[in-house]
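Below is a short briefing for a reader new to this structure. Please look at the sequence and the model first, then read the points by topic.

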Amino acid sequence: MRLLWQLLAVAAVAFLGGQGLLAAQDDPWLTLVLGLLVAVASVFVYRWVVRRTEKRAVTELAWTGATAATGWGTLLGVGLFALVIVNITFLGGYQVHGLGSPMSALALVGFMAGVAVTEEVMWRGVLFRVIEERAGTWLSLGLTGLAFGLVHMVNPHATLWGAIAIAIEAGGMLTAAYVATRSLWLPIGLHFGWNLAGSALFSTVVSGNGTPEGLLDATMSGHVLVTGGEFGPEGSLYSVVFCVMATAVFMWTARRRGHIVPMRRRHARTADTTTLPR
């Protein structure tokens, strides 16, 4: 039941926030403010519902170190996406024609903040964490990563390859960032930085949702495996390769720290109960 209550709580914030952001999309300042409010509300609602349903301190969203972890995650997300764009540019797939719209970029800061926080508390904070308790780290990572990729199939210009790429990149890398730190702040920053770079900075298509008007007036062209086609750079092989590399580093760190949770086996639980004193 706790999984249901937690999902309902964070999904309600995501839905209401999404509706508000859609209604305010023509006003950059209002979009910025609403997006930041949605992000803050998601954090507080998650902390509240987890405390109520699990009767524990919400260590995965502890305030201590939150700013530093989110900041480093944001820088890493921007850096990884910039690395993808540099490689695509080298092959002639990304062209800058001038400056774009600073006000539109400002609105995207708020919008992407709301998206990053709501998705992370739902997918990594609730779904992955609860499933991991029974299925173990690796199986939970695979299941929730695949589901996260498939959800993106509903986007306007979604492709099967794009969904697979998202499952590998975001489903793998963001979950691994959580496992390595056992904190949601790093994946929140990483998610935000990646989306911010793709939309507000480089003005590329984000997960098949169209091309936003960011700081740069830019276009993309070339082979789909290089540029990602209509799905955007997240469908580029460069994104897959760099995110897999980041995932490997995070999971190596998680293993070194003893953060990998094994699958709970039924016969092991039965054995434990039979050894209890009578």
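Helix 6 gives the most to a nonpolar surface patch, with three residues. This is a predicted model, in which local features need pLDDT of at least 70 and side-chain atom pairs count only at pLDDT 80 or more, while totals for chains, interfaces and linings use all residues. Residues are numbered from 1 along each chain as its sequence is written, and side-chain values use heavy atoms, with hydrogens and water left out.

**Nonpolar patch**
- The patch consists of Leu146, Leu150, Met153, Leu160, Ile164, Ile168 and Val244, with about 590 Å² of accessible area together.
- Two or more residues each come from helix 5 (137–151) and helix 6 (160–181).
- Patch residues have over 30% relative accessible area and no salt bridge, and nonpolar side chains are joined within 5 Å; areas come from the Shrake-Rupley method with a 1.4 Å probe.
- Helices are DSSP runs (H or I, at least four residues), numbered from the N terminus.

**Helix 1**
- Gln6, Ala9, Val10, Val13, Gly17 and Leu21 are buried in helix 1 (under 20% relative accessible area; exposed is over 50%, partly exposed in between).
- Seen down the axis, these buried residues fall within an arc of 95°, so they line one face of helix 1; the arc is that of the directions from the axis to the C-beta atoms.

**Salt bridges**
- The whole structure holds nine salt bridges (a side-chain nitrogen of Lys or Arg within 4 Å of a carboxyl oxygen of Asp or Glu).
- Glu54 and Arg129 form one of them, at 3.0 Å from N to O; Glu54 is in helix 2 and Arg129 in helix 4, 75 residues apart.

How values were computed:
Patch = residues over 30% accessible without salt bridge, like charges linked within 9 Å, V, L, I, M, F, W, Y side chains within 5 Å. Buried < 20%, exposed > 50% of the residue type's maximum accessible area, 1.4 Å probe, protein only.
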